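Hello,

Here is the structure you asked about. My notes follow below it.

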Number of protein chains: 2
Amino acid sequence: MIITSKNNEIFKYLKKLKNKKYREEDKLFMVEKPVVIVEAEGFVPRYIALSETVYKENKFKEIIKNFDEEKIYIFQDNLFNQISDAVTPQGIIAYYEHLDREFHEKSGKYLYLDDVREPGNLGGMIRSADAFGLDGIILSPNCCDLYNPKTVRSSMSSIFRLPIYKMDKEKLVELGFNLISTSIVESVSIRDYEFKDKDIVIIGNEAKGVSDYLMENASMSINIPISEKVDSLNANVAASIIIYEMTK
Amino acid sequence: MIITSKNNEIFKYLKKLKNKKYREEDKLFMVEKPVVIVEAEGFVPRYIALSETVYKENKFKEIIKNFDEEKIYIFQDNLFNQISDAVTPQGIIAYYEHLDREFHEKSGKYLYLDDVREPGNLGGMIRSADAFGLDGIILSPNCCDLYNPKTVRSSMSSIFRLPIYKMDKEKLVELGFNLISTSIVESVSIRDYEFKDKDIVIIGNEAKGVSDYLMENASMSINIPISEKVDSLNANVAASIIIYEMTK
């Protein structure tokens with residue numbers, strides 16, 4: 001049955017999920033890249049939306065065959081485009097439940113993101129951390145939304161694989177891990193520092209850097225040595241190079 | 001004098017420069033970030049456009065005082081917004097001449113970008129290469145436009161400092177430098193390879209990788225070792241990590 005009415009309840013519901021407030025309420029997030037839906041095997045979406053065209057052309061049959069039929073909703077193309085967040089909708093959206101975890105780890109190397117605000121940066125850091133086998137990423141409460149469609153897109157399928165935690169700054173300090181801030185002053189070059197178990201590197205906000213509170217509570221600072229003429233690296237690039245060194 | 005008419009010749013001319021074709025004809029490019037205009041000191045823009053608001057508030061007087069008055073044009077805000085390429089126009093645009101150079105180098109380490117197509121990636125690679133002191137970047141003829149506003153934006157002011165060259169693939173092979181392709185098959189980990197003078201690393205197209213022609217003509221291949229579960233790194237991140245290793 002193809003949904004053709006704007007008054008359809010599931011249409012109205014899925015359209016609302018483009019809004020962070022409603023996604024949060026129901027603890028859902030959207031994935032629109034077919035390859036990511038394939039790679040997320042093992043995670044069962046709560047709903048799958050298809051466009052009429054994709055359904056009639058049987059385009060993603062290899063993906064869809066794994067899902068319960070009753071979770072699949074088919075929408076007239078113009079309705080589908082209204083629930084999609086993509087510039088070029090692919091004709092498929094899977095809605096997954098949030099992947100929230102509690103941090104109970106006793107070892108490992110992590111990044112702590114201290115109010116990273118740009119979804120593309122957050123997603124990129126998740127992708128790099130997964131690629132290099134970092135043990136996880138911990139988000140401060142004021143980081144941008146982990147489940148923003150742009151974060152999800154730029155993480156590729158790594159958002160499903162990498163352990164990601166949320167933790168406030170006070171709790172981080174109490175963990176008893178080795179907190180390392182990133183700063184250009186009074187700091188050790190990452191080319192010289194040998195990362196070890198229980199190191200947590202703090203990546204600061206794009207504009208403000210690491211917060212004063214964490215700067216004071218870190219046991220040391222590291223830097224990526226760059227030309228004096230250059231203000232900074234791209235935040236995702238900087239974090240990825242740190243991850244690359246941490247996982248040597 | 002504030003330009004208020006759509007029929008004004010300089011308005012019509014600057015508006016056309018948003019189009020690549022006209023920028024190419026006159027060998028000009030636009031910079032809209034005030035901080036980049038400051039950092040580009042030593043480069044003299046051919047024109048400077050200001051919005052009426054910025055002019056009346058005397059907002060960028062420290063920047064503008066360095067420029068010839070006769071090069072400065074002031075536009076009513078709604079006209080200014082039509083010549084701007086920014087999502088949030090800052091009220092200032094400087095138009096610079098292209099920075100084309102010929103490659104006559106006998107030493108140094110370089111990247112060759114083999115049809116990199118995404119302006120944000122190109123700009124990001126320029127920024128990282130400048131930050132780490134790479135000797136330059138060489139572009140294949142089918143790379144995206146170096147002077148695309150998005151490339152310029154994401155390079156920050158590095159587009160003014162880093163030597164950037166254009167060269168076709170045949171000429172690259174004839175240079176006599178050590179060509180290193182990037183590939184996950186039959187390749188050496190960048191963690192194990194020691195980069196040396198006259199190394200040129202070839203970064204492939206985002207979707208297709210390094211072209212067959214350059215793969216065949218390279219003396220060796222390198223890879224960034226990542227988890228088997230992850231398809232690839234972000235192209236800018238991958239190139240930046242290679243630059244980081246090249247400039248150790």
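In strand S5 of chain A, A:Tyr96 is the bridge partner of A:Phe29. S5(A) covers residues 92–97 and pairs with S2(A) in the antiparallel sense over four bridges. Strands and helices here are DSSP runs numbered from the N terminus, with at least two residues (E) for a strand and at least four (H or I) for a helix; two strands pair if DSSP finds at least two bridges between them.

This is a predicted model, in which local features need pLDDT of at least 70 and side-chain atom pairs count only at pLDDT 80 or more, while totals for chains, interfaces and linings use all residues. Residues are numbered from 1 along each chain as its sequence is written, and chains are lettered from A and ligands numbered from 1 in the order in which they are written.

The open sheet of chain A has five strands in the order S1-S4-S3-S5-S2, with mixed pairing. S1 (2–3) and S2 (28–31) each have a single partner strand, so one side of each is left without a neighbour in the sheet.

Helix H7 of chain A (residues 119–132) has 14 residues. Of these, 13 are buried (20 or more other C-beta atoms within 10 Å of the residue's own, with C-beta atoms placed from the backbone), so H7(A) is largely enclosed by the rest of the structure. Just after H7(A), A:Gly133 has a positive phi of about 75 degrees.

Chains A and B each give 24 residues to the contact (C-beta atoms, placed from the backbone, within 7 Å). On the side of chain B that touches chain A, the largest share, six residues, comes from H7(B).

Regards

Note on methods. Expected span 1.5 Å × (residues − 1). Buried ≥ 20, exposed ≤ 12 C-beta atoms within 10 Å, placed from the backbone. Contact = placed C-beta atoms within 7 Å.
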